[in-house]
Amino acid sequence: SIKYLLEAYKLDPTNLLILFDIGYCYEKLGQIKKSIDYYLRYLDREPFSENAWYNLGILYTKAEMFDKAVEAYEFALAINPEFSLAYFNLANAYSNNEDFLKAIENYQEYLNYDGNSVEVLSYMGDCYESLKDYDHAFEYYDSAIKEDEFFADAYFGKANILYQQNKYNESLDFVNKALSIDD
């Protein structure tokens with residue numbers, strides 16, 4: 001596909017969708033740097049594309065360039081403040097950058113648009129756990145379990161907290177519960 005897309009772009013360099021598609025194809029091939037380059041070319045000519053900024057954020061995340069990912073997701077949200085997946089990925093980028101308070105804030109924004117998600121509730125628990133705010137972490141893990149009693153990650157999160165508090169028997173109970181759901 002890339003061979004023909006590059007040829008098509010030579011024939012019609014005004015067709016921006018071709019740049020977008022080239023960037024997408026390079027991403028699928030795992031050629032992140034080339035994909036970033038083509039999305040940046042696209043954005044040079046169409047800077048108000050929330051989808052291009054969002055895709056660029058994903059690429060920066062894959063390249064572990066979390067500061068750039070945050071910037072890209074923030075541009076996507078500046079263009080469309082109701083772009084819920086951008087909040088989710090922005091929260092992940094902040095979490096990867098160990099800015100857990102901003103991660104929590106953006107996970108909450110995601111929940112405001114898309115409703116409860118066991119995964120997001122558990123991620124919020126993880127963030128609070130990383131901040132050593134175990135009470136809030138437990139609350140979010142419990143909320144995740146309330147949404148889906150078969151969500152092993154939330155039980156495992158609770159096990160981690162109890163382990164850190166030297167409550168080994170209780171921790172082991174939650175580890176076993178998590179394992180019984182997902183070995």
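**View 1. The buried side of helix H5 in the predicted model.** In this predicted model, the buried residues of H5 are Phe66, Ala69, Val70, Ala72, Tyr73, Ala76 and Leu77. These residues lie on the same side of H5, because the arc that they cover around the axis is only 165°. Asp67 and Ala78, on the other side of H5, are exposed. An α-helix has 3.6 residues a turn, so residues three or four places apart point the same way. The partners against which the buried residues of H5 pack are helix H4 (50-62) and helix H6 (84-96). H5 itself runs over residues 66-79, and its 14 residues reach 20 Å from the first C-alpha to the last, close to the 20 Å expected at 1.5 Å a residue.

**View 2. Helix H6 and the helices that cover it.** H6 is mostly covered, with 11 of its 13 residues counted as buried. From its first C-alpha to its last, H6 reaches 19 Å, close to the 18 Å expected at 1.5 Å a residue. Just after H6, Glu98 takes a positive phi of about 60°.

**View 3. Tyr107 and the largest nonpolar core.** The largest nonpolar core holds 59 residues, and those touching the most other members are Ile22, Tyr42, Leu56, Tyr107, Val120 and Met124. When residues up to four places away in sequence are not counted, Tyr107 touches Phe88, Ala91, Asn92 and Ser95, and also Val120, Tyr123, Met124 and Cys127. In soluble globular proteins, nonpolar side chains tend to be buried together.

View 4. Ser122 lies in helix H8, which covers residues 118-130. Its relative accessibility is 3%, and Ser122 therefore counts as buried, the cut-off being under 20%. With neighbours within four places in sequence left aside, Ser122 is in contact with Tyr141, Ala144, Phe151, Asp153 and Ala154.

View 5. Ser1 is found in the segment before helix H1, whose residues are 2-11. With a relative accessible area of 67%, Ser1 is exposed. Between Ser1 and Phe88 there are 31 Å in space, C-alpha to C-alpha, and the two are 87 residues apart in sequence.

**View 6. The whole chain, as context for the close-ups.** The chain has 11 helices and 0 strands. Its radius of gyration is 20 Å, well over the 16 Å that the globule rule gives for 183 residues, so the chain is more spread out than a compact globule. Along its principal axes, the C-alpha trace spans about 70 × 30 × 25 Å. Buried residues make up 44% of the 183 residues, and the accessible surface comes to about 10400 Å², of which 48% belongs to carbon and sulfur atoms. Among contacts between residues at least 6 apart in sequence, 39% join residues at least 24 apart.

Key:
Residues numbered from 1 in each chain as written. Predicted model: local features only at pLDDT ≥ 70, side-chain atom pairs only at ≥ 80, totals over all residues. Heavy atoms only, no water. Helix = DSSP H or I, 4+ residues; strand = E, 2+ residues; numbered from the N terminus. Expected span 1.5 Å × (residues − 1). Buried < 20%, exposed > 50% of the residue type's maximum accessible area, 1.4 Å probe, protein only. Arc of directions from axis to C-beta. Contact = heavy atoms within 4.5 Å. Rg over C-alpha atoms; globule rule 2.2 N^0.38 Å. Areas by Shrake-Rupley, 256 points an atom, 1.4 Å probe, with all protein chains shown as cover. Core = buried A, V, L, I, M, F, W, Y, C linked by side-chain atoms within 4.5 Å.
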